Amino acid sequence: MSIDIVVNALKNIAKPAASLVINQAQRNETVVRTLKQFNFDPAQPPKDVDGVYVYSLIEYGVDKPEAMLNLFREREVKKAFWSAYTANHPLGFVKEVEKFLHSNDLAFDIRLKRIELRSELEEFGEIFIKVAKRSKSKDFEPFPEWNLDEYPTEFKSLIKEKIRSFCGRKFVFDAFKQFCDKNRSGYFTVLGDAGMGKSTIAAKYVWDYKSPCYFNIRSDGRNRPELFLESIRKQLIKNYQLQNVEKANLADLLEQVSKKLINGERLVIVVDALDEVEQEAGGNLLDLPPSLPEGIYFLLTRRPYTIDKKRLSAPDVSVEELDLRDSQYANLSREDIKEYIRFFLHDDPDYKNALRQWMQDRNISENDFVEQVATKSENNFMYLRYVVPGIAKGDYNDLSLKQLPDGLQDYYQVHWQRMGMDKNTQDIKVFILFVLVEIGTPIPCDMIAAITEQKEEDVETVLDEWVEYLKPQDLAGEICYSIYHASFLDFLKMQRKLNPKRTPFQEVNQRIADYLVKRMA
């Protein structure tokens, strides 16, 4: 059967459907009708590879753009798909398709229609596997895992959130490229205070280069060597088709990958927030190897450290650090900060109109706003993440531009006072926040209510008040909360040091202990 005839039929289906939304029932009916048109049994797919490919294309192709239908009809694409399928190497299919499109006019059509190519390739592969299973033919076994994300699922939302409004930092990426160009392998570390954009730099590099990665997150409990190794091992096996390495240590894995690198290829592994790693004393953090094979590089980020906490001994490997606090980077960081503020003013759909109204009401020019807020931020992106949306939402309608907080810690302090948290009447709100501080891992609202002996709805009200500083996440069907950022965690701990006799600070650990004893009884 000619695949061209099937594709043309699918195109004719798509044209009248383009102006309306097809519900699932209508789509299923169209798929069945099209299968019958080409003498396929809707209940029993064929058993040969060519038949399953065409059958899958019909199930996939109803209401799909012409560009994708034309792509899957290509002989080279079909051949690349089957090769990736039998090798259980779905990422190899992506690379072959991208190579094919590099010299094909279809690439223009796909860009013009803003088609998410990787998502479409993943969808087709998943449909093919389902059809292959229904065919009951042994020729399709073993069935591969058709996941085309090159970074772990657990970090996907974090990466997307971090890069949503990414601006600048070209000098960091340029410095890392120069480091790689002049060294056969090595460790490159980006240092900076909380809120200076280290995690965003890591996320942007991973997004652009699809590098293996690990984001240490203390509040999620994802900050231990064994979890890091397990994640990186899975990523390297998937990306490089490594064999018999299910229990290999990191050094052995990197040796295997190094042997597969050709024509100057490199492996860059991105590891964020080394300062959040929990590990017994002795040895490198995350058991990073003291030596690295050729072509292997690590892009690391961490907060500033004392020499006893460095824990990265690599005497035979090139090691370099870029400290975002250095004066040589101050002007470059300020330009990035100003670009980020302009993003809010021009491109952010949630805040740009309200910000412009705030400026207009105070007769502030865009240039003055950008310059003064940049100065107030002290080159801290986290400051902007809180203050600029706060301006748009009316939190500072009673303040002038010059009265805005100076720097991140001053922002936290001003917000704390404006919320009345330094008054004893707000003790229960402080209590609730400090339960999150002391527990250290995400916990549900009902547990916080039990510990603080408050009504669950009252706890929810407090959590809603502080939601921008908290990280809600769905764990096993239950919404759990933790502190969003290490800088706010540091601020809260400082409040206890400043006023250790305040009731919530004195009683929170005992309340948690009492709760745990009751649960064990």
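Guide: Contact here means heavy atoms within 4.5 Å. This is a predicted model, where local features need pLDDT of at least 70, side-chain atom pairs count only at pLDDT 80 or more, and totals for chains, interfaces and linings use all residues. Residues are numbered from 1 along each chain as its sequence is written, and side-chain values use heavy atoms, with hydrogens and water left out.

Visitor: So what does glutamine 235 touch?

Guide: Leaving aside residues up to four places away in sequence, glutamine 235 touches Glu150, Tyr151, Pro152, Ser211, Pro212 and Cys213.

Visitor: Why is glutamine 235 called buried?

Guide: Buried means under 20% relative accessible area, exposed over 50%, and partly exposed in between (1.4 Å probe, protein chains only). Glutamine 235 has 5% relative accessibility, so it counts as buried.

Visitor: What makes the link between glutamine 235 and serine 231 a polar contact?

Guide: The term asks for a pair of N or O atoms within 3.5 Å; within protein, one must be able to donate a hydrogen and the other to accept it, and residues adjacent in sequence count only if both atoms are side-chain atoms. The side chains of glutamine 235 and serine 231 are joined at 3.1 Å.

Visitor: How do you know that strand 1 and strand 4 pair?

Guide: Strands are DSSP runs (E, at least two residues), numbered from the N terminus. Two of them pair if DSSP finds at least two bridges between them. Strand 1 has six bridges to strand 4 (residues 296–302), running parallel.

Visitor: And what makes strand 1 mostly covered?

Guide: Six of the six residues in strand 1 (residues 186–191) are buried.

Terms used. Helix = DSSP H or I, 4+ residues; strand = E, 2+ residues; numbered from the N terminus.
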